[in-house]
Amino acid sequence: MPAPILLAAGQVARKVVLRRLARLTLIALPVVLVGGAAVTVFAVLVSSSGGDDSTTAPRGNGCSTLMAGSRQTAAGLNAQQLANAQTIVAVGRQLKVPAYGWVIAVATALQESSLTNLSGGDLDSVGLFQQRTGWGPAAARLNPETAARMFYEGGQGGQKGLLQVPGFQSMTLTQAAQSVQHSAFPDAYARWEPIAKQIVADPSVLSATCYTAADYHGDGTSGSHVVAAALQYLGTPYSWGGGGIGGPGLGIGLGGTTVGFDCSSLVQYAYHQATGLMLPRVTDAQAAALPHVPPGSPLRAGDLLFFHAPGDPPGTYHHVGIYDGQGGMVHAPRTGATVEVVHDVLSDPYFKSQLALVARPATQSTQVRAAGNHG
């Protein structure tokens, strides 16, 4: 559990100057803790466009990641820090900010507030980014979503946001952050880059998105509860043959030493947890037992997406995921990976080419079957 974050979190009630001086003694520690692994993962992140289809979302108070209760934490963050990191990434994704921008924003919030929503600070600064009065009303600066949006887009008083910094993607992190923050400690942000990369790369943060169309968030539909149940296990390891209605479990074969879910058991768990339905355990049985959605029909949150590869036997499905109602899919992908959200799944060449069937479980329970493929 990274000491810099926990130490800083314990100092949030002190004056900003003292908090920042304490951090100066920890300059090298985040780099040692994270090492080269974060750099490798970040190489994948920077190739992502960060795109999302939530283009009509309302501004302010409309972003809910539904992931604050995730059972997996990122880099030793507490619940508040994790939720704030998710919000920063979710807003960045909604605004089409490249993934490097998410890392810049998280590193900035680590330096300014230890990823906590401070009600005070130096002079009139408040919030995650310690934005001053000129940026907007206190209520806006103390709203993590709005504060993140202002960091990316600029303050209400005309302050420049990251997206208004020409060429920020080719800048060092500290140069880009300082172009927005104009801090009295202009070199302070660099030390947080390794840990920020690790945080953003964590599945429970990387998968964060703004669910704003109310397709399932707060609408009370069974699909909403199914998606929320699956999201609670973001970051849980894939385990072939593992898991079931009781949650993650040891698998068989390749999953024999791993506690987690495979694709079909995650579906089975989420539906049983959210609706009480007892779905079949494996993909082929699920596809055979459930009502199919006619091709071309609008999809709903909770719909099940079944995938068939060219080499699969006729009528079999090698994978299943849960449509999230916002263009994405929650799924347990493969051995060595963890439960994640695939954004814009219907535009992804791999998944688009193999999507063969959409099923929508009815309100009545179905019988568990033993035959078929594990996900």
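Two strands count as paired if DSSP finds at least two bridges between them. Strands here, like helices, are DSSP runs numbered from the N terminus: a helix is H or I over at least four residues, a strand is E over at least two. Keep that in mind as we walk through this predicted model, where local features need pLDDT of at least 70, side-chain atom pairs count only at pLDDT 80 or more, and totals for chains, interfaces and linings use all residues. Residues are numbered from 1 along each chain as its sequence is written, and side-chain values use heavy atoms, with hydrogens and water left out.

Let's begin with the whole chain. Its secondary structure comes to 14 helices and 7 strands. Of the 375 residues, 56% are buried, where buried means under 20% relative accessible area, exposed means over 50%, and partly exposed is in between (1.4 Å probe, protein chains only). Take the contacts (heavy atoms within 4.5 Å) with a separation of 6 or more: 62% of them link residues 24 or more positions apart.

Now for the sheet. It is open, has 5 strands in the order β6-β5-β4-β3-β7, and pairs in the antiparallel sense. In general, strands of a sheet pair through backbone hydrogen bonds, either parallel or antiparallel. β6 (340–342) and β7 (355–359) are the edge strands; each has a single partner, so one side of each is left without a neighbour in the sheet. On average, neighbouring strands are turned by 35° against each other, direction ignored; axes for such angles are lines fitted to C-alpha atoms, for helices over the stretch in contact, and angles run from 0 to 180 degrees between N-to-C directions.

On one flank, 4 bridges join β3 to β7, with Phe-306 opposite Leu-357 and Leu-305 opposite Val-358. On the other flank, β3 is joined to β4 by 4 bridges, again antiparallel. There Leu-304 stands opposite Ile-322, and Phe-307 has His-319 as its bridge partner. What covers the picture from above and below? Both faces of β3 are covered, with Leu-304 and Phe-306 buried on one side and Leu-305 and Phe-307 buried on the other.

Step across to β4. Here 5 of the 5 residues are buried, so β4 is largely enclosed by the rest of the structure. Its pairing with β5 is antiparallel over 2 bridges, and Ile-322 stands opposite Val-330 there. β4 and β5 form a hairpin with 5 residues between them, and Gly-325 in the turn has a positive phi of about 85°.

α11 (residues 222–231) packs on it, touching β4 (319–323), β5 (329–331) and β6, and its direction makes about 115° with that of β4. α12 (residues 263–275) lies across β3, β4 and β5, running at about 35° to β4. The buried residues of α12 include Leu-266, Val-267, Ala-270 and Tyr-271, and its buried residues pack against α11, α13 (283–289), β3, β4 and β5. A nonpolar core is a set of buried Ala, Val, Leu, Ile, Met, Phe, Trp, Tyr and Cys residues joined through side-chain atoms within 4.5 Å. In the largest one, with 45 residues, Ile-88, Ile-104, Leu-115, Phe-129, Tyr-152 and Ile-199 touch the most other members. α4 (79–94), α5 (99–113), α7 (144–153), α8 (173–181) and α9 (193–201) each supply at least two residues of this core, and α5 gives the largest share, 10 residues. Leaving out residues up to four places away in sequence, Ile-88 touches several residues, among them Trp-102, Leu-115, Phe-129 and Tyr-152. A second, separate core of 31 residues includes Ala-270, Tyr-271, Phe-306 and Val-341.

Finally, look at two loop residues. Leu-115 lies in the loop between α5 and α6 (138–141) and has a positive phi of about 60° although it is not a glycine. At 0% relative accessibility, Leu-115 counts as buried. His-182, in the loop between α8 and α9, has a positive phi near 50° and is not a glycine either. At 60% relative accessibility, however, His-182 counts as exposed.
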